[in-house]
Every structure is written in structure tokens, then in C-alpha cells.
Amino acid sequence: MKKFLLILILIVISCVTTDDYEVPQTQVPANVSIEGTQISLRAVKNNYDEETGDIFTFSGDQYFEGYVISSDRAGNFYNELILQDSPENPEAGIQILIDENALYQRYNFGRKVFVKLNGLSISKNSGLIQLGKQNRGDLDPITPSEIDEYLVRSEIVEEIIPQQIDVGDFLPEFLCTYVQLDNIQFNRNLFTQTNSTFAAETYDQFDGLRQIEQCGSDDTALLSTSTYADFKSINLPASSGKIFGVLGRDFYDDFYVVQLNSTEDLSFGNERCDPEFFSCGSNIEEGERILFEENFAEITNENKLDPLGWTNINLTGGEERFVDATSNGNRTIRISGYDTGENPLEAWLVTPPIDLSQTQNEVLSFDIRASYDNGTILQVYVSDDFSGDVKDANWNLLEANIPMGPSNQNATVFRNSKIDLSCFDAEVYIAFRYRGRDPSRTTTYDIDNIKIRVR
């Protein structure tokens with residue numbers, strides 16, 4: 001009889017199908033009763049003192065409720081849950097550190113969760129307010145054995161309605177909330193040579209940062225993808241569309257980033273909205289004769305450009321201009337909005353007049369390097385009617401290879417551009433226009449080896 005019961009049990013067990021993506025319903029309490037005082041998630045976050053930066057530890061029977069908006073199913077979130085206080089129009093969100101994998105199986109997207117605060121601590125790291133366990137002045141994740149002590153799952157799973165916001169409207173109150181960005185495309189320079197992946201390029205260390213831009217706007221942001229994400233090697237979509245994701249900050253708390261739960265959070269397929277570039281043609285075969293050249297080797301102070309006929313001006317009333325710089329023995333001209341306090345910052349560097357009336361097959365070339373990149377904010381123009389005031393001239397936008405550099409260090413590689421200018425037969429001026437905003441758009445650019453060759 002015992003053998004028969006054992007066989008019957010094994011048969012029943014073997015007939016139970018499992019699905020990694022389904023939450024076992026037997027683990028979901030039919031009725032959740034939480035003892036204590038409920039407080040809002042905003043009130044929880046207000047216990048962190050921004051001025052002192054001290055870790056605050058909760059005591060007593062307080063708790064809050066939130067809704068899961070992150071998923072580690074695809075590996076883009078790790079040892080963390082992101083909760084927001086409402087399935088729609090949230091007022092606050094928070095990051096909870098949990099030393100456990102496959103959290104999506106218990107705390108799936110939209111799941112309502114109650115968080116008991118007694119014994120938990122709150123701090124801030126990488127720009128995000130976090131909950132965890134204090135350990136000698138640090139904030140550690142909740143251990144697997146403690147999860148049920150602090151987190152109680154409700155039987156409720158709500159549809160999360162994303163907040164529709166524009167890239168230029170990112171604010172701290174939107175951090176750790178689920179957002180929707182419309183009319184988005186990846187920066188065109190990601191597709192100039194080969195298709196770029198989400199986070200599988202040689203320069204990606206821990207996270208792949210890919211610039212996104214909003215059609216009809218100069219605003220840009222960065223999509224952040226972990227190099228451990230399952231979709232890291234997938235090519236970025238070259239079209240435009242919508243992005244749904246969690247708004248966060250980069251590791252160094254320098255700029256906003258958007259994180260996907262999976263590639264299903266992308267809804268692309270519309271036409272791109274790149275600007276219209278001026279083009280003389282496709283000839284980039286350089287002649288032997290150099291008509292104009294500047295490598296800035298003798299420009300030990302940017303003021304030396306003035307008597308040479310250059311225009312170097314800040315149009316927004318600040319002091320930051322293009323300045324001389326040296327790295328590895330090479331002198332360049334540099335522009336950066338970092339730590340300038342200028343918001344906005346628009347600076348122009350315009351060459352002296354270059355006479356193309358007596359030449360043919362003119363090709364412009366120059367080298368650009370981007371460092372501490374948090375947005376492509378440099379453009380290159382040509383004009384044949386500039387007379388000293390950049391606002392009065394007609395400028396033609398050129399299709400330059402503006403590089404995308406590392407986000408947290410100096411770059412070492414320049415990208416070269418070659419542009420056909422053969423349709424001009426008068427004096428022309430080449431202009432480099434920088435449009436930044438400290439602290440969100442402060443990419444550093446080095447410019448070198450500006451030449452016009454003719455045949």
C-alpha cells in the first residue's frame with residue numbers, strides 16, 4: 001500500500017507542468033493583512049536627509065505599498081526591485097536592494113507589494129533613493145532569508161500605465177517610475193559604420209549607453225543596458241518609435257538614463273526624423289594641394305585665434321568658449337559645458353574666410369573626439385554670407401561624423417569627417433556650434449586638423 005501511494009504521488013508530481021514566467025498561485029495569499037501604520041512612499045523617501053547624506057534606519061510598525069515596475073527576467077535589472085506608489089500617475093518610486101535572482105517569478109511586473117519598514121534603512125547611491133539593510137555605514141541588500149520578513153505580496157496585479165513625458169522634462173520626481181517616451185530614435189551616428197548593439201561593443205564595460213533623441217526637439221537622453229542583459233547583442237532599431245522603461249541615473253549620477261525590462265518595451269517602426277543635411281555631392285577624394293589648414297599646434301591660448309580671423313563667441317551670455325587644450329602632447333581646440341554653470345550654453349567657433357572661387361573639387365576634413373559624453377551636442381555648418389554675426393548668416397548643416405565617446409572618461413580616438421564643398425565658388429566659413437546645458441548636456445569635444453584640400 002505504501003508503494004502504491006508513493007507511485008501515485010510521483011505520478012501527480014510528474015504531471016504538474018511548470019512555467020518559469022508564471023507565479024505559483026499557491027504562494028499568493030488570498031487575503032493580505034498588514035499590521036501597523038501605512039505611510040506614503042513619498043514620506044518614506046523624505047526620511048533621507050540630502051544635506052547630511054546619513055543613512056536613516058526605520059523603527060516601529062510602519063509600512064508602505066508599491067507596484068513592481070522592474071523585471072530581472074532579461075537580466076537588465078540585478079538584485080533589485082523598483083516600486084512606484086501607484087499603477088498610474090505615481091508620485092514617487094524607490095529602489096529596493098535584494099540579494100536574490102529571478103525576482104520576477106515572485107514579484108512580477110504590476111504586482112502590488114507591501115514593504116514593512118522596521119529594521120530597513122534608506123540611503124542614496126548613484127542618484128537613486130534605496131532601501132536595504134545598514135551594515136557599518138553601508139547599505140546592503142536584503143538577504144534571501146529576510147525577504148518574507150520585509151516584503152509581502154498581494155494577490156493584486158495591476159496594469160501599469162506609463163507616464164508620458166518628454167526627454168527634456170526629466171525631473172528627480174520621475175526617478176524610479178515607469179515612463180513612456182514618444183517619437184524617439186537612436187542617434188544616427190550609431191549606424192554610420194555598422195549597426196550598433198544594445199551593450200555588446202568593445203567599449204562597453206558594465207553598461208552600454210546609447211543616445212536617444214526626440215523628434216522635433218534638441219533634447220537627448222541615454223538608454224542604459226547591462227552587459228549581462230540577454231538582449232545585449234541585439235542590434236538597435238534604426239527606425240523611430242516609442243520606448244517604455246524605468247527612469248534612473250547613471251552610475252556616477254551625472255545624467256538621466258532609461259532602462260528597459262526587455263526589448264518588448266520598444267515599439268519602433270516609424271520613419272526616422274534626421275535633420276536635412278546640405279550636400280554638394282559625394283566626392284571625398286582629397287587633392288594634393290592644401291588650401292586651408294589649422295592643427296592648433298601654435299594656439300597656446302585661445303586668444304591667439306582672434307588675430308588669425310577666427311570668431312570664437314558665446315551667444316548665451318556666459319564665459320565659456322572654445323579653448324586650447326593638450327593631451328598626450330597633441331594640442332587641440334576644446335569645448336565643454338562641464339562645471340560651467342551655464343544653462344543654456346551656445347558657443348560658436350568660425351574659421352577665417354576660405355576662398356574657393358579659384359579652385360575645384362574642394363574637400364573639407366577635420367578630426368573630432370568626444371569625451372565624458374552625455375549627448376551629441378556639436379554640429380558643423382558652412383556659410384558663404386557670414387559677415388561677423390553668426391545670427392545674421394545663412395548656415396548650411398553639414399553631415400559630419402560627430403563621434404559618441406565614453407561617458408565617464410577621456411576618449412583616445414578621433415573620428416575623421418570628409419565633406420564635399422565643390423559646389424561653392426566664393427568665400428566660405430566653416431563653423432562648429434556647441435549647444436550644451438550644465439549639468440545635463442556637457443560632452444567634451446576636441447577638434448583638430450581642419451583642412452580643405454583641392455585639386
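This is a dialogue on how to read several features of the predicted model above.

Trainee: What should I keep in mind about the model before I start?

Mentor: It is a predicted model, in which local features need pLDDT of at least 70 and side-chain atom pairs count only at pLDDT 80 or more, while totals for chains, interfaces and linings use all residues. Residues are numbered from 1 along each chain as its sequence is written, and side-chain values use heavy atoms, with hydrogens and water left out.

Trainee: How many helices and strands does the chain have?

Mentor: Helices (H or I, at least four residues) and strands (E, at least two) are DSSP runs, numbered from the N terminus. Here there are three helices and 29 strands. The C-alpha trace spans about 105 × 50 × 40 Å along its principal axes.

Trainee: What share of the residues counts as buried?

Mentor: Buried means under 20% relative accessible area, exposed over 50%, and partly exposed in between (1.4 Å probe, protein chains only). Of the 455 residues in this chain, 50% are buried.

Trainee: Which residues touch the most other members of the largest nonpolar core?

Mentor: A nonpolar core is a set of buried Ala, Val, Leu, Ile, Met, Phe, Trp, Tyr and Cys residues joined through side-chain atoms within 4.5 Å. The largest one has 37 residues, and those touching the most other members are Phe322, Phe366, Leu378, Leu421, Phe432, Tyr445 and Ile450. Strands S21 (330-335), S22 (345-350), S24 (363-371), S25, S28 and S29 (444-454) each give two or more residues to this core. Its largest share, five residues, comes from S29. Apart from this core lies another, of 35 residues, including Tyr178 and Phe244.

Trainee: What is Phe322 in contact with?

Mentor: Contact means heavy atoms within 4.5 Å. Leaving aside neighbours within four places in sequence, the partners of Phe322 include Ile333, Trp348, Leu378, Phe432 and Ile447.

Trainee: Which residues lie nearest the centre of the second largest pocket?

Mentor: First, the idea: on a 1 Å grid over the protein atoms alone, a pocket is an open set of points where a 1.4 Å probe fits, with protein on both sides within 12 Å along at least five of seven lines, and lining residues have an atom within 4 Å of a point. In this pocket, 28 residues form the lining, and Glu213, Asp218, Pro275, Thr376 and Gln379 lie nearest the centre. Strands S13 (207-214), S25 (378-383) and S28 (427-436) each give two or more residues to the lining.

Trainee: Where do Cys176 and Asp253 lie?

Mentor: Cys176 sits in the loop between strands S11 (163-164) and S12 (178-186), and its phi is positive, near 60°. Asp253 has a positive phi near 60° and is in the loop between strands S15 (240-249) and S16 (256-259).

Trainee: Why does Cys176 count as buried, and why is Asp253 partly exposed?

Mentor: Cys176 is buried because its relative accessible area is 3%. Asp253 is partly exposed because its relative accessible area is 33%.
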